[in-house]
Amino acid sequence: VWQERPGREQAMLRGAIWAVIVTVITHDLLRGPLFQRNVKRFHFLVWPVWRRYHHRRVCAAKRRFLTALARRKLPDLTTDRLRAAGQLFERWPEANLRALVRAMRPTICLRGGVVYRQGDPSDSMYVLVSGTVHWMTRKPMDKSSLVEKSKSAVEKSKSQAYDLCILKGTITGRPHSLKYFGEFGAFIGEARRGAMHCVTPCLLWTLTRECFSFHLRRLPPAVFDEIRAGFEENMKEVYWLQPTDLLLSPLFRGFTVDTLQTIVRQMKPSLEKPGEMVMREGVDCGAMFFVGRGRVALVSSKPRDPSQAPSSAVVWEQGEIPAGHTVVDVVSSGSHFGERSCLFIEAPSLSAVTLTTVQLWRLPKMVLMDHLLGDPESLLRVRREVNARDALTLPKPELSALARCGLPFSGLPASVQDALHSRCFGPEIHEATTLLVAANQAVACFYLVLDGIAEEEGAQGGSSG
């Protein structure tokens with residue numbers, strides 16, 4: 001090749017020389033930035049991760065040491081002292097309270113330490129034997145005021161932790177007067193609403209949320225209902241539903257803020273443990289429910305279309321669903337159910353079963369109707385929207401039901417019946433006294449009655465589904 005093309009070797013050598021020159025120059029130019037980038041990676045990634053890892057190891061070792069020390073310092077916790085701590089343990093049977101005491105673990109928190117922070121998971125409740133703790137919540141920052149402040153003032157306010165916190169209360173425990181806290185969060189399993197800071201060295205007994213829930217389930221029903229009523233009062237004072245939460249529902253669209261505030265004040269709180277049936281199919285409960293926290297499954301005892309089966313996220317919870325029921329939907333925080341039985345004269349078509357510990361707000365039917373009847377146009381609009389929404393969840397009738405209808409489908413081939421069943425049927429819900437077909441007018445469609453009674457005017461009987 002070289003003999004045939006003598007200039008090819010020179011071109012290849014020239015290209016190799018220029019490649020070396022470019023590589024050397026590029027390496028020299030990028031050496032500084034690459035070094036700086038590696039330094040930044042170390043300072044902003046490697047060092048914080050290692051420091052956090054080291055800090056967590058130190059904290060774990062400190063907790064083990066303080067727990068071992070607490071076993072010597074803490075006096076024995078007796079059932080009489082725990083029963084005198086407050087209303088929570090006042091009516092517990094002696095055997096249940098003794099088992100609860102055996103499940104508690106001692107711990108020590110030093111002065112300036114934090115028992116838990118705002119936003120942490122509620123994994124424990126605490127019994128304070130001695131010491132003082134402050135209950136503090138973070139103060140919401142006003143962004144408009146921050147804009148007006150100078151940069152130095154903003155940095156100064158960020159550096160001071162107590163400038164961004166509000167002191168909500170102080171809890172002081174003594175050996176002869178125990179105090180407990182964190183029980184409400186451990187009961188409902190929500191994040192902490194505030195932080196607990198130790199003002200003095202504190203001696204504590206700790207009970208995990210799993211143990212607390214286990215011993216609550218073993219209580220007699222009367223005692224558990226009394227404890228739940230106390231939690232409901234606490235929920236009424238701290239976790240009031242806001243009028244803005246109601247605006248998310250089309251049911252209250254167009255209401256004034258004062259009207260929504262009045263409705264919120266007339267709601268009643270309710271706490272339900274997992275597996276409770278708060279609404280039964282066919283039984284009028286006389287109220288609708290708002291879910292504050294938790295998950296509720298809406299189930300039906302009637303067979304459903306296989307295409308409307310629950311999603312895979314709900315399948316694992318089927319063990320808590322009553323036998324013979326099918327999950328239609330699962331509602332969570334910010335949702336509501338049971339409004340249809342309030343708007344129409346009919347019993348609920350679904351049952352509601354709690355999947356977790358649930359905070360519910362109960363709105364009586366009379367309260368809702370009093371506000372809706374003040375504006376009849378709003379009542380009619382809400383009814384139309386509820387009918388259109390519920391029509392989408394109607395179970396489609398089976399193909400065999402078409403053959404039982406009589407003349408409209410008698411003699412049709414199976415392929416035609418299948419096409420009508422899959423393509424032409426659409427769900428509708430009509431209220432009582434609604435005119436479906438007018439006399440002496442062309443019929444645009446025919447109806448297959450799934451549930452209810454449709455009657456001809458002047459006829460002796462009606463068609464029922």
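**Surface, pocket and a few residues**

A: Go ahead; to start, the accessible surface of the protein chain comes to about 29,500 Å², with 56% of that belonging to carbon and sulfur atoms. Keep in mind that this is a predicted model.

Q: OK, and how many helices and strands does the protein chain have?

A: There are 16 helices and 17 strands in the protein chain.

Q: What share of the 465 residues counts as buried?

A: 32% of the 465 residues count as buried. On contacts, take those in the chain with a separation of 6 or more: 80% of them are between residues 24 or more positions apart.

Q: Pockets next. What volume does the second largest pocket have?

A: About 1,000 Å³ for the second largest pocket. Its lining is made of 29 residues, and C59, R63, V114, V115 and R117 lie nearest the centre.

Q: Which element gives the largest share of that pocket's lining?

A: α1 does, with eight residues. The elements that each supply at least two lining residues are α1 (7–73), β1 (105–109), β2 (114–116) and β7 (202–208).

Q: And how does the lining of the second largest pocket split by class?

A: The lining has 14 nonpolar residues, nine charged ones and six polar ones.

Q: You mentioned β7. Is T208 in that strand buried, partly exposed or exposed?

A: T208, which lies in strand β7, counts as partly exposed because its relative accessibility is 34%. Leaving aside neighbours within four places in sequence, T208 is in contact with D123 and S124.

Q: In a loop, then. Is S122 buried or exposed?

A: S122 counts as buried, because its relative accessibility is 6% and the cut-off for buried is under 20%.

Q: Switching to another serine: where is S341?

A: S341 is in helix α12, residues 340–343. With a relative accessibility of 3%, S341 counts as buried too.

Q: Which backbone oxygen lies 3.0 Å from a polar atom of the S341 side chain?

A: That's the backbone oxygen of G338. Setting aside neighbours within four places in sequence, the residues in contact with S341 are D284, A287, E346, A347, P348 and K365.

Q: What about α13, which residues are buried there?

A: In helix α13 (residues 365–372), the buried ones are V367, L368, M369 and L372. Their cover includes α12, along with β10 (287–293), β15 (358–364) and α14 (376–391).

Q: Last topic: where is Q87, and is it buried or exposed?

A: Q87 is in the loop between α2 (79–83) and α3 (94–103), and Q87 counts as exposed because its relative accessibility is 54%.

Q: So what is Q87 in contact with, beyond its neighbours within four places in sequence?

A: Y180 and E226. Q87 and E226 are 139 residues apart along the chain, and their C-alpha atoms are separated by 9.5 Å.

Terms used. Residues numbered from 1 in each chain as written. Predicted model: local features only at pLDDT ≥ 70, side-chain atom pairs only at ≥ 80, totals over all residues. Heavy atoms only, no water. 1 Å grid on protein atoms, 1.4 Å probe; cavity = no way out; pocket = protein on both sides within 12 Å on 5 of 7 lines; lining within 4 Å. Points joined across faces, edges and corners; volume = space filled by probe spheres on them. Helix = DSSP H or I, 4+ residues; strand = E, 2+ residues; numbered from the N terminus. Nonpolar A, V, L, I, M, F, W, Y, C, P; charged D, E, K, R; others polar. Buried < 20%, exposed > 50% of the residue type's maximum accessible area, 1.4 Å probe, protein only. Contact = heavy atoms within 4.5 Å. Areas by Shrake-Rupley, 256 points an atom, 1.4 Å probe, with all protein chains shown as cover. Polar contact = N/O pair within 3.5 Å; in protein donor to acceptor, adjacent residues only side chain to side chain.
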